Amino acid sequence: MQGFTEWDLNAALHIFFGHHKEYMLVFQDSDLHNYTDRYLIPMTMAKLSRKRKLTRRFAETRRGRHISVDPQQFRPDAVLIGHDGRPCILETKVGQINSEAKCEALVVQALIYADLLISPRWKPTTRCQNSPASTTYDLLEDLHEAHWYFKVPDEGVYRPLEEHHQRHFGLGSGLNSEDFEKVPSVVFLLERVNRAQLERACNHVQAMNFLSYKEHLELVLPKRAASRKHLDSLQENWMLLQQIDFCMMQLNMAKFAEVIAGNLESLS
């Protein structure tokens, strides 16, 4: 089988979830980063009649607010929304996830993104913040706006998140912005995994207090793991993070590789 990578899979997520019955896709990794650089910064500069290029933290969205998070710090593979407005962090992994360290690293990576979804902010907090502070809905709207710009070419007019959500699921009436203010769930889209080990890693979140969890991760995670520097930021929302539902979807890369199969067949 051709060596498809996680990047190849993630690039196709908007196709797989475009008509999904359970989830609506509102973000893929790099959407917000690219949208900010290619559209929001030039748009904000034109609005302010600025010739000197702005940094990302001062770029304004269509709603006249600064971006809710640093695009470099919020990099889940995707963000989905369910029928009821609950957001979902999606993390994909191609290949084998087997060891305790890899399973724990996968879970804490999702927690870091979930924390920013619960309390959107730039880190450190001395950097640009919105007033009033951004909410989960504000961040979801930022992500949805960026995703729409790149991945929804058949709609010439931008529609707010709640309207797009209503159309996607065929709801009789749309949700209010407050309906999206829910603790996110986490879905792992995995090819091969030690399920028992991953379940233990998920259960540690719900069973341990924050300090015990942090101590556990400091023993298990590799010394150079990027997630180590974000562990302290989880403390404030720890009781909410413990309410997260962790789920898994099986990934069949063989099916992905065989979407186009066979050789060219001459027709003339």
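**Close-up views of the predicted model**

View 1. Five strands form an open sheet in the order β1-β2-β3-β4-β5, and their pairing is mixed. β1 (23-28) and β5 (246-250) each have a single partner strand and stand at the edges, so one side of each lacks a neighbour in the sheet. From one strand to the next, the twist averages 30°. The model shown here and in the views below is predicted.

**View 2. Pairing of β2 with β3.** Strands β2 (residues 78-82) and β3 (residues 87-97) run antiparallel and are joined by four bridges. Leu 80 has Cys 88 of β3 as its bridge partner. Strands of a sheet pair through backbone hydrogen bonds, in either a parallel or an antiparallel manner.

**View 3. Contact of α3 with α5.** The axes of these two helices cross at roughly 75° and come within 9 Å. With that angle, α3 is roughly perpendicular to α5. On the α3 side the contact is made by Asp 31, Leu 32, Asn 34, Tyr 35, Arg 38, Tyr 39 and Leu 40. These meet Asp 142, Leu 143, Glu 145, Ala 146, His 147, Tyr 149, Phe 150 and Lys 151 in α5. By class, the residues of this contact are eight nonpolar, two polar and five charged.

**View 4. Contact of α4 with α7.** Helix α4 (residues 100-118) and helix α7 (residues 195-207) have axes that come within 9 Å and cross at roughly 45°. This makes α4 oblique to α7, and the crossing is right-handed. From α4, the residues in the contact are Glu 100, Cys 103, Glu 104, Leu 106, Val 107 and Leu 111. They meet Gln 197, Leu 198, Ala 201, Cys 202, His 204 and Val 205 in α7. The residues of this contact comprise eight nonpolar, two polar and two charged.

View 5. Arg 65 lies in the loop between α3 (31-48) and β2. Its relative accessible area is 16%, so Arg 65 counts as buried, the cut-off being under 20%. Leaving aside residues up to four places away in sequence, Arg 65 touches Ala 59, Glu 60, Asn 130, Ser 131, Pro 132, Ala 133, Ser 134 and Asp 138.

Note on methods: Residues numbered from 1 in each chain as written. Predicted model: local features only at pLDDT ≥ 70, side-chain atom pairs only at ≥ 80, totals over all residues. Heavy atoms only, no water. Pairing = 2+ DSSP bridges. Axes fitted to C-alpha atoms, helices over the stretch in contact; angles between N-to-C directions. Buried < 20%, exposed > 50% of the residue type's maximum accessible area, 1.4 Å probe, protein only. Contact = heavy atoms within 4.5 Å. Parallel < 35°, antiparallel > 145°, perpendicular 65-115°, else oblique. Nonpolar A, V, L, I, M, F, W, Y, C, P; charged D, E, K, R; others polar. Left-handed = near helix turned anticlockwise from the far one by under 90°.
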